[in-house]
Amino acid sequence: MSKDLPKTYEPKAVEGPLYREWEERGLFAPRPGGEPFSIVLPPPNVTGALHMGHALDHSIQDALVRQARMSGRRTLWLPGTDHAGIATQNVVERDLAQEGRTRHDLGREAFVERVWEWKRAYGGRITTQMRRLGDSCDWSRERFTMDPGLSRAVREAFVRLYEEGLIYRGNRIINWCPRCATALSDIETAHREVDGELIQIRYPLEGGSGYVVIATTRVETMLGDTAVAVHPDDERHRHLVGRTATLPLLGRALPIVADEAVDPEFGAGALKVTPAHDATDFEIARRHRLDAVNILTPEGRINENGGEYAGMDRYQARDAVLEALRAQGLVVHEERPFTHAVGHCSRCGTEVEPWLSDQWFVKVEALAREAIAAVRDGRTRFVPRRYGRNYLDWMENLRDWCISRQLWWGHRIPVWTCAAGHEFAAREDPSACRECGSADVTQDPDVLDTWFSSALWPFSTLGWPDDTEDLRAWYPTTTLVTGYDIITFWVSRMMMMGLHFMGRVPFDAVAVHGLVRDFKGKKMSKSFGNAIDPLDMADRYGIDALRMTLLRSSTLGGEVSVDEKWIEGDRNFANKLWNIARLVLMNLDGPPSALPPRERWSLADRWILSRLAAVTREVTEAFGEYDLARAASDLRQFAWSEVADWYLEWSKGRLYGEDERAKVDQRAMLVFVLDRLLRLLHPLMPFVTETLWRSLTGGDTLLTTAWPAAEDHGDEEAERDMAFLQGAIVSLRRFKTHHRIEPKTRPTATAVVADPRLAALLETEMERVLALGSWGSLAVVGQAPDIAGEARLVTPGAVIHVPLAGIIDVAAERARLRGEIAKHETEFARIEAKLADAAFVAKAPEEVVETQRERLEAARAALARLGEALSELGAA
């Protein structure tokens, strides 16, 4: 126990040294005994810097891990980082560009070594920031998706799938970035609304018997058309099925087919089919056995299949093709702007092309079947449950997974081809062909999609493919914490790979959170000017304040709104905890005693222990349900509004009284309550709670201290009695505030209490009621007194009569209140009319509209307060 707490809490003085101590002492490593609890950290990109999404995700995981550890579970939180193929390669290529060089100038081996040098120099930045956040990971087990163990696991997984016929090379539509010159996964493709154009074009029917009108947003892709499709139920076009149209500009014959994939509401209802440059068209072509004509080079230029437009950039070709169509009178209508979603490379921002390309794929049908069953039968559950439906919807319509990327940084595909054309996969680099013995073998140049290695993360990090002690102890993991945005791209793949290679699900539960938004619900972005840097917030307000704000906002599965004012408010909460502890410590005289026997508990003691037991149950249940927003909000409310505002103030009567035994009892009770409160808060706010708990108890660390049990201290009678007394005190306080009575003024009043038991209770607790209500005297009677010129304060169980003579000029006070009411009514009506104006709401900047809404609510609250104050004075 130490009473030497500084007057104010300075987070920077505490956080760094305390975290270093925890880590150096190995306190994050699993302790023997107890039921296992394990989480593998979703690996952030090695190129990354901590953003608010990371801060949220890690705060949730750390809170769960700390609470499990305190609950006696054998706990592992395994950290690591992802090699982030395209992102990392881009970073190093930008560095080379500043030197006037490209990766091709270095060659593959030298370039890969240059990336490793970058990783060794800068790859630890994100993990340093994770430590700053308080992540209690077992850093001795830290992994990297390209470390030797995980690289071996990736090869093993690939070769097994290849040998089982589940990996194949195929020519299919993929997302292609012309700038990065690689295939992209769907998650690496950011769809943005753009203002483009919708062009309707006449395609002549063969034989000169008319036209069919198609619509397109990418007119240059018509150069790759091989058919026209219509919906089989579309009466406008049914008669055209089986006929042939002619492709303008190139003269290619286009069969007209019927297919249910056509949207008859789009354009004029007929679809140009471009199998090499649209995923839907590719599937239509497969069903109708149509040719696929690729018209683009990897750089995004028109190739030899584009006739006279060959060599043009795709955007130049767009303009040239449209101009040629106009010249031939084939353009029916041009709509601009036409807003539609277009995929962009998430790394460089280039517009992505759907492109027919020879790539490696994983057959997912059989893998997905078991992953679907595992969620349906409850082996893995989603929290909230609705995200399980999202997962199933995705899995039931899953396409084969493109796993090859045209990059140099990453896990190179372990497939070799010899000069005779024999192809084989190998776990180790071969010196000769397995089929014919030729030494002339060449490895596939592509690397694997980053998500391939990430899909193995829950078991590869634990030593697979070896049968390790860690793998037996910690797989399947207990929980995966993730945002809803990567359920389809990552969770689904971990489920498939875990079930396929381990025979069991990779995690028992998937706890899903939303994405971080600003306080208006708008996506955070530097371009919007609303992004908040979590480390900047930590510098200003402390890590605990940042974590508490994020956790309080993280309602199950919902979007997480954050505002700097809220973080500042939670800094104030940390300061409130500090001040509570200082007051308790200042009143301690030696080590605290054990709790006094129940017969010596005051009413306030009985009440706070009852409330503490209830909050302990609620918070423990909330952790079990992954509802950390409820846990954080309940604890903040309890600590501030019940412990600080009521119990601590009530306790001062005995702390500063003459009864020595009562003082000792009160100190013991305060230490007990604060000890339990700090334990409950520790998973959410680890730094301030550890510092205060050590000072209070002289204990070693909260990391290994037991989670509080909900003791049998429930006392409904004490809670009802305290509610009665609190209602009376609040009424007295509010009356003085409403009518601007000086704080030093101590009015008199009479409380009419019909229930004799409550009347006796009020008499017994009168000293604290008067002290906390800042009141002079309060007579307790059973019938209403006859007092002229009084105010009546109605509270459950009592009516308080306040003589107004000498403290309020009633007529003047009524006039003041009515004037204030009239002023706020005018303001309310003005703002309400402005917000009812659709033109104002549509045209005014969002922040201006939000300010008006806030002012409307402030006026509404003021009117309610003023109306209550006026009613206290009675009829005029």
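In this predicted model, the buried residues of helix α9 are R314, A317, R318, V321, L322, A324 and L325. Because these residues cover an arc of only 160 degrees around the axis, they lie on the same side of α9.

**Helix α9**
- Exposed residues D319 and A327 sit on the face of α9 turned away from its buried side.
- Helix α9 comprises 14 residues (residues 314–327), which at 1.5 Å a residue should span 20 Å; this agrees with its end C-alpha atoms, which are 20 Å apart.
- The N-terminal end of α9 is capped by D313, with a side-chain oxygen 2.9 Å from the backbone nitrogen of Y315.
- Just after the helix, G329 adopts a positive phi of about 70 degrees.

**Nonpolar cores**
- The largest nonpolar core holds 137 residues, of which L684 and L762 touch the most other members.
- Helix α20 (residues 628–655) supplies the largest share of this core, 13 residues.
- Leaving aside residues up to four places away in sequence, L762 touches F724, L725, A751, V753, V769, L778 and V780.
- Another core, of 60 residues, lies apart from the largest one and includes Y162, A374, Y391 and I413.

**Residue D665**
- D665 belongs to helix α21 (residues 660–681).
- Not counting residues up to four places away in sequence, D665 touches P596, R600 and R654.

Note on methods:
Residues numbered from 1 in each chain as written. Predicted model: local features only at pLDDT ≥ 70, side-chain atom pairs only at ≥ 80, totals over all residues. Heavy atoms only, no water. Core = buried A, V, L, I, M, F, W, Y, C linked by side-chain atoms within 4.5 Å. Buried < 20%, exposed > 50% of the residue type's maximum accessible area, 1.4 Å probe, protein only. Helix = DSSP H or I, 4+ residues; strand = E, 2+ residues; numbered from the N terminus. Contact = heavy atoms within 4.5 Å. Expected span 1.5 Å × (residues − 1). Arc of directions from axis to C-beta. Polar contact = N/O pair within 3.5 Å; in protein donor to acceptor, adjacent residues only side chain to side chain.
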